[in-house]
Amino acid sequence: MEKSVNHNEALAKVVEFDQNIYDIQDIDILLEHILSEIRKIVKADAGSIYVVEDKNLVIKYAQNDTQLRELQPGEKLPYKSFSFPINEKSIAGYVAYTGKPLVIDDAYNIPEELPYKFNKQTDLTTNYRTKSIYTIPLKMPDGKIVGVLQIINALDENGKIRSFSIQDGIYINHFATNCEQALKQTKMTERNFKKMLKLSEFR
């Protein structure tokens with residue numbers, strides 16, 4: 001089993017984050033902060049949050065330390081606007097479609113008999129190598145899928161890519177719950193805004 005970050009150190013970071021989470025009122029800032037914190041705790045190089053829009057997954061936030069270091073001033077990561085259908089063909093799409101998490105040790109060596117595949121196009125374009133992936137659905141209390149959290153390339157103490165451990169999964173699940181709460185708040189805000197618009201129309 002792969003070894004992840006020191007347990008006591010990680011637990012202290014989780015407790016500190018949970019104590020300060022409600023100080024962040026902006027949902028966008030909160031979600032990016034959640035993504036950053038979970039990557040720090042499991043020592044992952046990259047990660048993304050996707051949200052459900054109609055029958056598609058749309059990338060909301062993307063972080064990649066390796067690619068960020070290689071960007072020229074003014075350049076941005078290459079997937080600020082990216083969407084794909086919710087079905088079994090892609091990894092994130094499969095997780096949203098089935099509501100089940102996926103843990104993959106090597107994205108380039110997924111067995112042929114499995115329905116989902118990893119799209120190497122972005123890796124080829126950016127000269128990156130996606131290997132270990134932890135993908136988890138984000139659900140509302142009623143079970144409705146509202147998004148997907150994906151953490152990429154866990155790193156060992158030498159900066160080498162490793163597989164995600166069971167302990168990593170515990171932390172990722174915890175932060176996924178924080179994502180779910182933030183997205184739930186977003187949905188409630190949207191509903192309240194629409195109600196206000198309808199009321200103003202009646203007036």
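Which residue takes a positive phi near 60° in the hairpin of E1 and E2? In this predicted model, that residue is Asp54, and the hairpin has two residues between its strands.

## Strand E1 and its partners

Strand E1 covers residues 44–53 and strand E2 covers 56–64. The two run antiparallel and are joined by eight bridges. One of the residue pairs across them is Ile49 with Tyr61, the latter lying in E2.

E1 also pairs with E6 (145–155), again in the antiparallel sense, over seven bridges. Here Ala46 has Ile152 of E6 as its bridge partner. Nine of the 10 residues of E1 are buried, so the strand is largely enclosed by the rest of the structure.

## Nonpolar cores

The largest nonpolar core contains 26 residues. Within this core, Val42, Leu149, Ile151 and Ile172 have the most contacts. At least two residues each come from helix H2 (27–42), helix H6 (166–202) and the strands E1, E2, E5 (133–139) and E6. H2 gives the largest share, with seven residues.

Leaving aside residues up to four places away in sequence, Leu149 touches Leu35, Ser48, Ile49, Tyr134, Thr135, Ile136, Leu138, Ile172 and Ala176.

## Aromatic pairs

There are four aromatic pairs in the structure. One of them joins Tyr134 and Phe164 in an edge-to-face arrangement, with 5.8 Å centre to centre and 75° between the planes. Tyr134 belongs to strand E5, while Phe164 sits in the loop between strand E7 (161–162) and H6, so this pair ties together parts that are 30 residues apart in sequence. Tyr134 and Phe164 are both buried. Tyr134 is also among the residues that Leu149 touches.

## Charges over Tyr108

Which residue has its charged end over the ring of Tyr108, 4.5 Å from the centre? That residue is Lys120. Arg129 also lies over the face of Tyr108, at 3.8 Å from the ring centre.

Technical notes. Residues are numbered from 1 along each chain as its sequence is written. This is a predicted model: local features need pLDDT of at least 70, side-chain atom pairs count only at pLDDT 80 or more; totals for chains, interfaces and linings use all residues. Side-chain values use heavy atoms; hydrogens and water are left out. A nonpolar core is a set of buried Ala, Val, Leu, Ile, Met, Phe, Trp, Tyr and Cys residues joined through side-chain atoms within 4.5 Å. Buried means under 20% relative accessible area, exposed over 50%, partly exposed in between (1.4 Å probe, protein chains only). Helices (H or I, at least four residues) and strands (E, at least two) are DSSP runs, numbered from the N terminus. Contact means heavy atoms within 4.5 Å. Rings of Phe, Tyr and Trp (its six-membered ring) pair if their centres lie within 6.5 Å; planes under 30 degrees apart count as stacked, over 60 as edge-to-face and the rest as tilted. A charge sits over a ring if NZ of Lys or CZ of Arg is within 6 Å of the ring centre and within 35 degrees of the ring normal. Two strands pair if DSSP finds at least two bridges between them.
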